[in-house]
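Visitor: I would like to learn how to read a model of this kind. Please take me through it one feature at a time.

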Number of protein chains: 2
Amino acid sequence: MNAIGVDLGGTNIKAALVSEEGKFLRKKNVKTEVASGKEKIAAKIVAIVEELAEEDRSVSVGIGSPGSIDRKNGLVRFSPNLPDWLDFPLARLVSERSGREVFIENDAKAAALGEKWFGEARGCESFVVLTLGTGVGGGAVTNGQLLIGGGGIGGELGHMCVDPSGPLCGCGSHGCLECYASSSGMRKLVEEYRMRYPNSLIFREQSGGQFEAVAVFSAYQKGDPLAEIIYGKFVFAMGVAIGSLVNIFNPEKIILSGGISSSASLYLEKVKKVANEHTILSMMNSFEIVQSSLKENAAIYGAASIVFDRKQPHTSEVQ
Amino acid sequence: MNAIGVDLGGTNIKAALVSEEGKFLRKKNVKTEVASGKEKIAAKIVAIVEELAEEDRSVSVGIGSPGSIDRKNGLVRFSPNLPDWLDFPLARLVSERSGREVFIENDAKAAALGEKWFGEARGCESFVVLTLGTGVGGGAVTNGQLLIGGGGIGGELGHMCVDPSGPLCGCGSHGCLECYASSSGMRKLVEEYRMRYPNSLIFREQSGGQFEAVAVFSAYQKGDPLAEIIYGKFVFAMGVAIGSLVNIFNPEKIILSGGISSSASLYLEKVKKVANEHTILSMMNSFEIVQSSLKENAAIYGAASIVFDRKQPHTSEVQ
């Protein structure tokens with residue numbers, strides 16, 4: 001079986017025809033152009049799907065979308081990156097127009113399915129994925145099943161509170177993991193310190209005034225004092241959150257995905273040390289923290305895996 | 001089908017023969033006498049089982065035990081309340097000696113099963129139970145299945161970190177929910193303030209110098225200043241933790257069980273308010289917080305439910 005995975009992002013729509021063995025048979029990448037409107041974007045996805053599937057009518061489609069998803073009815077309920085997409089029936093529209101089965105899932109949850117089918121979680125019944133990007137997304141798999149929650153929007157691991165006296169988060173809470181471990185959160189932290197460290201390499205390395213989290217990690221490597229502060233907060237927050245996640249899920253693996261995971265070699269061991277200080281004794285060192293091996297294709301693999309997972313769900317015995 | 005539920009506590013062993021409809025057909029309560037040794041306690045449980053089952057050979061047994069449980073092999077791996085019980089094959093022993101099927105589960109996870117079968121979670125596929133007693137135990141049910149984790153010891157919700165700069169917890173971490181929402185945690189907090197509030201009603205209401213959490217709540221009702229501090233910390237920690245739990249599990253209900261839940265009317269609304277400040281926007285007010293209706297029988301119901309749940313697992317479709 002082949003499936004089309006569509007990664008719908010605020011900037012790009014990336015898609016591929018993926019085989020069950022994880023081969024990319026054809027690939028396509030277009031600009032999202034959010035301002036062109038949701039109807040145009042849906043039409044764009046239909047065109048991509050037809051181009052990738054060619055004449056193969058058996059191919060189904062998985063869409064990974066940011067935001068809150070109603071997977072049963074195929075709706076994007078709400079997405080901070082796609083304004084005006086309130087309850088937009090994206091999957092239903094693409095399905096009607098393409099005559100294909102179309103599944104939709106939150107992008108971070110799709111990333112977890114991607115790890116299960118093609119990545120670090122193959123053969124793993126219990127794991128957690130954290131996608132460290134503009135925000136922090138999460139996907140938890142327990143007993144082989146993706147955690148969805150009663151209302152269908154659970155798994156928001158980026159909004160675990162790691163410090164209730166921490167900064168205000170975009171979600172309205174304070175001190176969420178996302179405040180320390182996403183590029184949006186790090187940007188805000190860095191701005192708070194600008195007056196005190198105006199000459200930080202972080203500001204000098206910004207390309208065109210655009211903040212990117214990678215600048216923090218490269219400046220950290222050069223001994224930049226502000227970068228060391230932000231890095232320290234990142235490591236601590238990640239450790240505290242992963243400690244709690246271990247206590248809750250007792251997972252075999254914590255898999256880091258998303259742009260910030262590319263710097264994992266700089267922080268993985270330190271995060272693990274802090275996490276081990278925050279687990280109960282019997283779970284110390286019971287888990288691995290690893291970087292996703294799916295790299296820049298993680299989101300497309302994730303989207304295609306929605307199809308594989310719905311069509312061939314692993315049924316695992318309750319322990 | 002009837003089942004025997006055995007609640008193994010540090011002080012008492014409480015057991016009952018429970019019908020599938022939730023009727024207590026016979027009941028038995030004996031002292032645990034931990035000092036008499038684990039072999040004697042196992043023998044005691046065998047005797048109770050035979051007395052309750054009478055001659056009915058079809059009756060199976062569920063044991064709810066504090067600590068870390070190896071449910072597959074029927075072991076108590078480790079329990080803070082039962083010293084020297086390292087990898088003690090309690091369920092296997094009781095099974096061999098009684099000739100019956102015996103299941104064992106952590107007591108807080110058993111409490112969650114009790115709510116699913118006989119309590120506030122009937123008909124509910126996604127819920128969380130917090131047992132607020134000497135410690136804080138937890139049980140999360142998602143998609144109708146108890147969260148166990150890859151290593152079998154997940155669901156330690158009492159050790160979510162709610163404030164990393166909080167007090168040292170018995171588990172070695174800092175600022176766990178248990179530090180604020182259990183009687184052991186509250187006792188330590190109260191002691192820290194003794195010099196400052198030597199005349200607090202909390203100390204005067206202690207019976208024989210023995211701290212009980214209920215004294216905090218009754219002193220709070222009388223306007224005692226120290227009780228107000230401890231109460232405030234309790235409400236805040238519960239709210240922060242439940243906010244994170246909602247973000248993670250998107251549950252229909254949070255059910256409070258254990259001794260401290262008997263004062264729920266004094267704090268339920270306030271905890272819900274703080275919890276709503278710590279969920280993402282789309283989960284605000286998506287959940288109920290309720291007090292268990294199983295009261296002092298919750299643990300026995302929970303233990304009996306282990307049997308019902310293993311023998312008739314709800315199989316629910318993955319959403």
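Visitor: What rotation and what shift along its axis superpose chain A on chain B?

Guide: Two copies of a chain are related by a rotation about an axis and a shift along it. Here a rotation of 180 degrees with 0.0 Å of shift along its axis places chain A on chain B, with an RMSD of 0.0 Å. The two copies are thus related as by a two-fold rotation axis. The superposition is by least squares on the C-alpha atoms of residues with pLDDT of at least 70 in both copies.

Visitor: What should I know about the model and its numbering?

Guide: The model is predicted: local features need pLDDT of at least 70, side-chain atom pairs count only at pLDDT 80 or more, and totals for chains, interfaces and linings use all residues. Residues are numbered from 1 along each chain as its sequence is written, while chains are lettered from A and ligands numbered from 1 in the order in which they are written.

Visitor: Which residue of chain A comes closest to the rotation axis?

Guide: That is A:Asp163, whose C-alpha is 2.7 Å from the axis.

Visitor: Into which domains is chain A divided?

Guide: Chain A has domain 1 (2-112) and domain 2 (123-293), with bounds from an automatic or database domain assignment. Their C-alpha centres lie 27 Å apart. In chain A, 8 residues of domain 1 are in contact with 11 residues of domain 2. On the domain 1 side, β5 (68-70) and α3 (107-118) of chain A are the elements that give two or more residues, and α3(A) gives the most, with 5 residues. Helices (H or I, at least four residues) and strands (E, at least two) are DSSP runs, numbered from the N terminus.

Visitor: At what angle do α3(A) and α10(A) pack?

Guide: Two packed helices are described by the angle between their axes and the distance between the axes. For α3(A) and helix α10 (residues 298-311) of chain A, the angle is about 80 degrees and the axes are 7 Å apart. That makes α3(A) roughly perpendicular to α10(A), a label for angles of 65 to 115 degrees. The axes are lines fitted to C-alpha atoms, for helices over the stretch in contact, and angles run from 0 to 180 degrees between N-to-C directions. The contact includes A:Trp117 of α3(A) and A:Phe308 of α10(A). By class, this contact has 11 nonpolar, 3 polar and 3 charged residues.

Visitor: In what order do the 5 strands of the open sheet in chain B lie?

Guide: Strands of a sheet pair through backbone hydrogen bonds, either parallel or antiparallel. In chain B the order is β3-β2-β1-β4-β7, with mixed pairing; two strands pair if DSSP finds at least two bridges between them. At the edges stand β3 (24-31) and β7 (102-106) of chain B, each with a single partner strand, so one side of each is left without a neighbour in the sheet. From one strand to the next, the twist averages 15 degrees.

Visitor: How many residues lie between β2(B) and β3(B) in their hairpin?

Guide: There are 4, and B:Gly22 in the turn has a positive phi of about 90 degrees. The two strands run antiparallel, joined by 7 bridges, and B:Val18 stands opposite B:Phe24 in β3(B). Another hairpin joins β1(B) to β2(B) through 3 residues; this pair is antiparallel over 7 bridges, with B:Asp7 opposite B:Lys14 in β2(B).

Visitor: Which strands does helix α10 of chain B lie across?

Guide: Helix α10 (residues 298-311) of chain B lies across β1 (2-8), β2, β4 and β7 of chain B, at about 130 degrees to β1(B). Helix α2 (residues 90-98) of chain B lies across β4 (60-65) and β7 of chain B, at about 160 degrees to β7(B).

Conventions
Two residues are in contact if their C-beta atoms, placed from the backbone, lie within 7 Å. Angles under 35 degrees count as roughly parallel, over 145 as roughly antiparallel, 65 to 115 as roughly perpendicular and the rest as oblique. Ala, Val, Leu, Ile, Met, Phe, Trp, Tyr, Cys and Pro count as nonpolar, Asp, Glu, Lys and Arg as charged, and the others, Gly among them, as polar.
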